[in-house]
Amino acid sequence: MRPQKKLKPKQQLKFLLEQQMADATPIEPACQHFGECGGCEFQDIPYLDQAAAKRSALIELIASKGLSTLIDTTNIELVQSPKALGYRQRMDYVFAFNKGGLRKRNSHKWVIELEECPLLGNTTFNTFIQARALAREQELLSYNYLNHQGFLRYFVIRRTRLGETMLSLVTKSRENSKEIAEIAHTIIANGLASSVHWLLQESLSDMSFGESIQHWGAEYIREEYLSKSFFIAPNTFFQANPDVAEMAYARIRDQVGRTAPEFVIDTYSGTGIIAQLLADKVEHVVAVENVKDNLTIAAANLKYNAISNVELIEADALHYLRDLECRLPHIVVNPPRVGLGEKAARAILKLTPDFISYMSCNPLTLMSDLEILKEEYSVEECTLYDMFPQTRHWETLLLLQRK
C-alpha cells in the first residue's frame, strides 16, 4: 500500500526502492559503521537486488507520472556497476566536533568517526586516516559548522584508476600555514598522494571546495576515458564512479555516431569530457559551460589530447540556448540535479534538434523535463546506469528523437 501523506522529493526515491527490496534476503554489511553512518543506505541488501530495485523504481516512477506511453518500460536497460564497493573516485570527509568522517544517518548535527569506508577502498581511505592523524598531531581545530568556530573543515580525497591521488584540505581561514604545509609534505613523502591542495572556504555555507591557496606536488591528477586523458582539479566536477561513467559516455558516443550530425552542442559540459569524446564523430563540437575552473581544465584537456574541433563557450546554458538561432541536429544535455527546468526545456523545443541525448542524475527532475519535451519528442532509448551502489541514486540516459 502507498502512504497517504505526500513524501518529500528526497524521500520518494528511497521509499520506492525500499518497497522494491522488501523481499530481499538481508546480508552482513561490509562496513562496521553501517546503520550509523549516512554514507550508505543499502549495504545490508545484495547488490543485484539493489540494482534491480532501481530499475523497478524507475518504471514505477514513469508510470506514476503518466509517461508510460512515452517510454517503453519493458526495454529499459540496466547497466550495473562492476564494483558494488570501492567504486568511488571521490569522498568528502567532514572534520567537525573533533571527529573526522561522515555525518550520522538522518542527522546533520553529528559526525561519525570513521575507521573504514568500503565506498572508497582501503588504499585511498588510508590517505584520509593519515591526514586526519597528522591534523591532530599539528593540533588543528576541527570546524564546528553549527556555531562556525574552528579551522579545518574537510578532507577531500580523489583517486583515479591510473593510481593518482589528490588530497584537498578545506579550511575556514588562512591561518596555520606552517602546519598545513607539514601535513602536505608528509603525505607526499609517504606516497599517500601525488597532489595536495589547500582550499580556503570562508563562507558560512557547508561547502567542500574553495579558493586554492597553495598546492604541493602535482597541480592536477589524471583519469582516462576511452583512450583519452582528462585532468582533475580540486574544484572541478568529475563523475564519482569512473567505470560506469565510461560506459555511459561510450553510449552517448554511439548515439551521436548513429545520428551522424555535422555538429553537436554539449551543454552543461563541465570539463568537456563528453565534448572531447565526441570530437572524432562530428566535424565540430560546441561545449557550453559557465564555471571558469571547469573551462580552464577543459582547455588543458583539449591541448593534452590534441583536439582542435571542440569550441569552448563560457555561458549559462539557458542563456546560450535562448540566444541561439540555428537549428540543431543533435544536442547533449547533462544538467545538475535540478534538471533542465521549464525555461531551458522550452528553449530546446524552439531549437527543434533532431535528437537529444539527455543524461540525468535525478529521475524526479527528469520526469518534469519530459513532461515538456514530450510535446515534440519520443524516447527511443532509456538506460539506467547504476553509478552509485549502496545509495538511492542512479543516472538515466535517454535518446529522444523529434517526432
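N241 lies in the loop that joins β10 (228–232) to α5 (242–259); helices (H or I, at least four residues) and strands (E, at least two) are DSSP runs, numbered from the N terminus. This is a predicted model, in which local features need pLDDT of at least 70, side-chain atom pairs count only at pLDDT 80 or more, and totals for chains, interfaces and linings use all residues. Residues are numbered from 1 along each chain as its sequence is written, and side-chain values use heavy atoms, with hydrogens and water left out.

**Around N241**
- N241 is buried, at a relative accessible area of 1%; buried means under 20% relative accessible area, exposed over 50%, and partly exposed in between, with a 1.4 Å probe and protein chains only.
- Contact means heavy atoms within 4.5 Å. Neighbours within four places in sequence aside, N241 is in contact with S81, Y87, D386, M387 and P389.
- For M387, the side chain of N241 reaches the backbone oxygen at 3.2 Å.

**Nonpolar cores**
- A nonpolar core is a set of buried Ala, Val, Leu, Ile, Met, Phe, Trp, Tyr and Cys residues joined through side-chain atoms within 4.5 Å.
- The largest nonpolar core has 69 residues, of which Y93, F155, L167 and I187 touch the most other members.
- Another core, of 49 residues, lies apart from it and includes I62, V286, Y320 and W394.
- Leaving aside neighbours within four places in sequence, F155 has contacts that include Y93, F128, A131 and L167.

**Helix pairs**
- Axes are lines fitted to C-alpha atoms, for helices over the stretch in contact, and angles run from 0 to 180 degrees between N-to-C directions.
- Ala, Val, Leu, Ile, Met, Phe, Trp, Tyr, Cys and Pro count as nonpolar, Asp, Glu, Lys and Arg as charged, and the others, Gly among them, as polar.
- α3 (residues 122–137) packs against α4 (residues 177–189) at about 145 degrees, with axes 10 Å apart. T127, Q130, A131, L134 and A135 of α3 meet I183, T186 and I187 of α4, giving five nonpolar, three polar and no charged residues.
- α9 (residues 341–351) and α10 (residues 363–373) pack at an angle of about 35 degrees, their axes 9 Å apart. G341, E342, A345, R346 and L349 of α9 make the contact with D369, I372 and L373 of α10; by class, four are nonpolar, one polar and three charged.
- α2 (residues 47–64) also packs with α10 at about 35 degrees, with axes 11 Å apart. L58, L61 and I62 in α2 meet P363, L364 and M367 in α10, a contact of six nonpolar, no polar and no charged residues.

Conventions:
A polar contact is a pair of N or O atoms within 3.5 Å; within protein, one must be able to donate a hydrogen and the other to accept it, and residues adjacent in sequence count only if both atoms are side-chain atoms.
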